[in-house]
There are 2 protein chains.
Amino acid sequence: MRADARRNREAIVSAALELLASDPEASIGAIASRAGVGRVTVYGHFCTRAELIDAVFESALAASERTLSELGCAVDPRTALAELIAATWRIVGRTRGLLLAARDHLPAERVRELHRLPLERVRSLLHRGRSEGVFRTDLSEDWLIAVYYNVVHGAVEEVAAGRLEERDAADAITRVVDSAFAPA
Amino acid sequence: MRADARRNREAIVSAALELLASDPEASIGAIASRAGVGRVTVYGHFCTRAELIDAVFESALAASERTLSELGCAVDPRTALAELIAATWRIVGRTRGLLLAARDHLPAERVRELHRLPLERVRSLLHRGRSEGVFRTDLSEDWLIAVYYNVVHGAVEEVAAGRLEERDAADAITRVVDSAFAPA
């Protein structure tokens, strides 16, 4: 890709991230205009809205991964999990619209695949907590990770629907995951 | 609607339910042929795949509501919840593809709205359990219902992805919801 094409692509992804974060329905026209390019240029890089959302989501998750990797890791797995949820929600709450756009335009398995790295982070914490007897072992790791993932996504939808206050979300997620992960 | 048009519509919805239950990608052609009508007749009743899925989903949920209303209501709210989950999963497990088709073709809020009656059933049980001190009261009813809904939907996706055995799903859901609803 030529340097100017690469710059345009980056400008489009970054403009789309900014707009979709608060409005999952942001139009291609609005995104093009925020990026300082024409709609035709956007479609030159991304044939469909889904392709653009996929690229934006991938880029947002890479940025989020850099933030989460800077978290210290508390010795107590339950504390570490609460800290991970709080940090995750600080990111998710800010880019809520993007997650809703991804859910509406990408296959569910693709959305989950894009979350591979943050979910690996939960898996390794879960693994440590299980070996220390702090988290339950009567259910599979895969299922507990699915519970975590679905509870966080549920919170995004509840906030969007006005049934949960954004400021209460991290605490609401933590209390549920903490109970769901506790030894039976 | 004329009687033959009504019969056709019912045949289409019932054929679609049968096929989508196991294959969320079942084609309109296959549905028409199972219903004994032409594709044009299907499109005469349902302009889009989403409209057809909406109608099928509504009809499946009405049938499911009739089944769930026949459940006795155990005196202990935790037992009643476990029985409700088991009965729900017997229905959901059988029509899993339909839920996945709905998730892919209908807005998330519409899918949730179509679940209004089964969710009211959970709400009333939750309400009773909270007043009896069996379920937690440190989180809102809305949020606990969202947790229930998202955990059940998560199980559908995990089974579809091959990460959870269908025969283990009701137990896996019950254990998580039971812990998540327990007083903190």
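This is a predicted model: local features need pLDDT of at least 70, side-chain atom pairs count only at pLDDT 80 or more; totals for chains, interfaces and linings use all residues.
Colleague: How many helices and how many strands does the secondary structure of chain A come to?
Modeller: Read along the sequence, chain A follows the pattern α-α-α-α-α-α-α-α-α-α. Its C-alpha atoms fill a box of roughly 55 × 35 × 25 Å along the principal axes. The secondary structure of chain A comes to 10 helices and zero strands.

Colleague: Chain B superposes on chain A by a rotation of 180° with 0.0 Å of shift along its axis. What relation is that?
Modeller: Two copies of a chain are related by a rotation about an axis and a shift along it. Here the rotation is 180°, the shift is 0.0 Å and the RMSD is 0.0 Å. That is therefore the relation of a two-fold axis.

Colleague: What percentage of the contact residues of chain B recur in chain A?
Modeller: A rotation of 180° superposes chain B on chain A. The same surface serves both copies. The share of the contact residues of chain B that recur in chain A is 100%.

Colleague: Are α6(B) and α9(B) roughly parallel or roughly perpendicular to each other?
Modeller: Helix α6 of chain B covers residues 96–105, and helix α9 of chain B covers residues 141–160. Their axes come within 10 Å and cross at roughly 110°. Angles from 65 to 115 degrees count as roughly perpendicular. So α6(B) and α9(B) are roughly perpendicular.

Colleague: Which residues of α9(B) does α6(B) meet, and how many charged residues does the contact have?
Modeller: From α6(B) come Arg96(B), Leu99(B), Leu100(B) and Arg103(B). They meet His153(B), Val156(B), Glu157(B), Val159(B) and Ala160(B) in α9(B). By class, the contact has five nonpolar residues, one polar residue and, as charged residues, three.

Colleague: What is the volume of the largest cavity?
Modeller: Rolling a probe the size of a water molecule over the atoms shows where empty space is left. The count comes to three cavities of 30 Å³ or more. The second largest cavity has a volume of about 40 Å³. The largest cavity holds about 330 Å³.

Colleague: Which helix gives the most to the lining of the largest cavity?
Modeller: The lining has 21 residues, and the closest to the cavity's centre are Leu61(A), Thr88(A), Val92(A), His115(A) and Pro118(A). Helices α4, α5, α6, α8 and α9 of chain A each supply at least two residues. By class, the lining has 15 nonpolar, five polar and one charged residues. With five residues, the helix that gives the most is α4(A).

Colleague: How many charged residues does the lining of the second largest cavity have?
Modeller: Residues of chain A in this lining include Glu109(A) and Arg112(A). From chain B come Gly154(B), Glu157(B), Glu158(B) and Arg163(B). Helices α7 and α9 of chain A and α9 of chain B each supply at least two residues. The lining has two nonpolar residues, two polar residues and, as charged residues, five.

Colleague: Which residues lie nearest the centre of the largest pocket?
Modeller: The largest pocket has a volume of about 610 Å³. Helices α6, α7 and α9 of chain A and α6, α7 and α9 of chain B each supply at least two residues of its lining. By class, the lining has 14 nonpolar, seven polar and 10 charged residues. Of its 31 residues, those nearest the centre are Arg103(A), Glu157(A), Arg103(B), Ala108(B) and Glu157(B).

Colleague: Which helix gives the most to the lining of the second largest pocket?
Modeller: This pocket has a volume of about 410 Å³. It is lined by 24 residues, of which Leu61(B), Ser64(B), Ile91(B), Val92(B) and His115(B) lie nearest its centre. Two or more residues come from each of α4, α5, α6, α8 and α9 of chain B. With eight residues, the helix that gives the most is α4(B).

Methods: Residues are numbered from 1 along each chain as its sequence is written. Chains are lettered from A and ligands numbered from 1 in the order in which they are written. Side-chain values use heavy atoms; hydrogens and water are left out. Axes are lines fitted to C-alpha atoms, for helices over the stretch in contact, and angles run from 0 to 180 degrees between N-to-C directions. Helices (H or I, at least four residues) and strands (E, at least two) are DSSP runs, numbered from the N terminus. Angles under 35 degrees count as roughly parallel, over 145 as roughly antiparallel, 65 to 115 as roughly perpendicular and the rest as oblique. Contact means heavy atoms within 4.5 Å. Ala, Val, Leu, Ile, Met, Phe, Trp, Tyr, Cys and Pro count as nonpolar, Asp, Glu, Lys and Arg as charged, and the others, Gly among them, as polar. On a 1 Å grid over the protein atoms alone, a cavity is a set of points where a 1.4 Å probe fits but cannot get out, and a pocket is an open set with protein on both sides within 12 Å along at least five of seven lines; lining residues have an atom within 4 Å of a point. Grid points are joined across faces, edges and corners, and a volume is the space filled by probe spheres set on the points. Copies are superposed by least squares on the C-alpha atoms of residues with pLDDT of at least 70 in both.
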